[in-house]
Amino acid sequence: MVVPRDSAVGEQGPDGGKKAAKVTKVSARKTAVTAGVKTESHTALVRRARRINRELAEIYPYAHPELDFENPFQLVVATVLSAQTTDLRVNQTTPALFAKYPTPEDLAAADPEQVEEILRPTGFFRAKTKSVIGLSKALVADFGGEVPGRLEDLVKLPGVGRKTAFVVLGNAFGRPGITVDTHFQRLVRRWKWTEATEPDKIEAAVGALFPKSDWTMLSHHVIFHGRRICHARKPACGACPIAPLCPAYGEGETDPEKAKKLLKYEKGGYPGQRLNPPQAYLDAGGKPAPPLGSA
């Protein structure tokens with residue numbers, strides 16, 4: 001894994017201390033990058049943003065949606081269930097749900113109490129039960145039991161907003177969309193791609209920096225990076241391959257060895273979030289997640 005070239009590990013400060021030298025160098029580097037970002041033109045921003053995406057594509061060539069699904073119906077349900085929980089917990093829960101209710105017709109006619117019991121591990125299970133049964137009824141009544149492939153139709157379904165709709169459009173129908181989840185919001189603001197805080201404004205601002213054909217994979221690259229390296233509380237700056245392009249470098253651990261210990265999923269040797277991940281992920285050293293209830 002590439003680490004920042006200017007990491008000060010092993011350098012001595014004027015007083016012989018490594019820590020002082022490291023702090024000084026990190027502060028100087030962060031100041032320089034931040035100053036450059038403040039003065040960069042729109043053209044320079046586009047170039048930097050696209051370079052970051054190219055770097056991430058090399059780091060995560062196997063990036064993919066981290067929800068297990070076999071068809072559009074499973075994906076839209078899984079995405080609704082992923083609110084306020086991890087994709088891993090959803091993936092551990094949906095096998096039982098889809099085994100009992102494989103189609104929209106089945107789930108639309110389900111006993112809510114039985115669905116609630118299955119969905120209990122995902123949290124907010126009563127509200128989620130109402131949403132997935134409601135969207136199933138809408139699919140049956142309004143779309144012949146098929147998940148629609150248009151944004152304006154998807155967002156009419158109970159529990160489905162723009163984020164969920166773009167996940168479905170991009171990954172079930174191959175139609176470009178930007179998925180603005182919590183990881184995406186955090187990283188694009190750290191990278192100064194936008195100062196916006198509202199998802200629709202972030203979507204518009206970031207979308208303007210990239211060709212539409214890049215949007216779906218861009219979302220995967222950014223979300224993968226946010227989960228594996230650029231964490232919310234302790235970003236692993238010292239193990240980040242795009243550190244030279246990041247104005248937020250230094251907010252996290254900059255020591256390469258300490259930063260490596262913060263890495264998650266395949267980067268740190270841990271299982272991923274999918275029970276049935278793509279073969280490319282497994283070929284890259286990723287490990288499938290364990291089923292619900294396993295040790």
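User: Which helix does I133 lie in?
Analyst: I133 lies in helix α7, residues 125-143. Keep in mind that this is a predicted model.

User: Is I133 buried or exposed?
Analyst: Buried. I133 has 7% relative accessibility, and the cut-off for buried is under 20%.

User: What does I133 touch, leaving out residues up to four places away in sequence?
Analyst: I133 touches L107, A108, A110, P112 and V115.

User: How far is I133 from P112, in sequence and in space?
Analyst: They are 21 residues apart in sequence. C-alpha to C-alpha, I133 and P112 are 7.8 Å apart.

User: Ok, zooming out. How many helices and strands are there?
Analyst: The protein has 14 helices and zero strands. Along the sequence, the pattern reads α-α-α-α-α-α-α-α-α-α-α-α-α-α.

User: And what share of the residues is buried?
Analyst: Of the 295 residues, 49% are buried. The accessible surface is about 14,300 Å², and carbon and sulfur atoms hold 53% of that.

User: What about contacts between residues 24 or more positions apart?
Analyst: Those account for 60% of the contacts with a separation of 6 or more.

User: Helix packing next. At what angle do α2 and α12 pack?
Analyst: About 70°, with the axes 9 Å apart. Here α2 is residues 42-59 and α12 is residues 215-228. The range for roughly perpendicular is 65 to 115 degrees, so α2 is roughly perpendicular to α12.

User: Which residues make that contact?
Analyst: From α2, N53, L56 and A57. From α12, L218, H221, V222 and H225. By class, the contact of α2 with α12 has four nonpolar, three polar and no charged residues.

User: Switching to cysteines. How many disulfides does the count come to?
Analyst: Zero disulfides. C237 is in none, and its nearest cysteine sulfur, that of C246, is 6.5 Å away.

User: Then what is the closest cysteine sulfur to that of C246?
Analyst: The one in C230, at 6.0 Å.

User: Are C237 and C246 buried or exposed?
Analyst: C237 counts as buried, at 9% relative accessibility. C246 is buried too, with a relative accessibility of 9%.

Note on methods: Residues are numbered from 1 along each chain as its sequence is written. This is a predicted model: local features need pLDDT of at least 70, side-chain atom pairs count only at pLDDT 80 or more; totals for chains, interfaces and linings use all residues. Side-chain values use heavy atoms; hydrogens and water are left out. Axes are lines fitted to C-alpha atoms, for helices over the stretch in contact, and angles run from 0 to 180 degrees between N-to-C directions. Helices (H or I, at least four residues) and strands (E, at least two) are DSSP runs, numbered from the N terminus. Angles under 35 degrees count as roughly parallel, over 145 as roughly antiparallel, 65 to 115 as roughly perpendicular and the rest as oblique. Contact means heavy atoms within 4.5 Å. Ala, Val, Leu, Ile, Met, Phe, Trp, Tyr, Cys and Pro count as nonpolar, Asp, Glu, Lys and Arg as charged, and the others, Gly among them, as polar. A disulfide is a pair of cysteine sulfur atoms within 2.5 Å. Buried means under 20% relative accessible area, exposed over 50%, partly exposed in between (1.4 Å probe, protein chains only). Accessible areas come from the Shrake-Rupley method with a 1.4 Å probe; for residues, only the protein chains shown count as cover.
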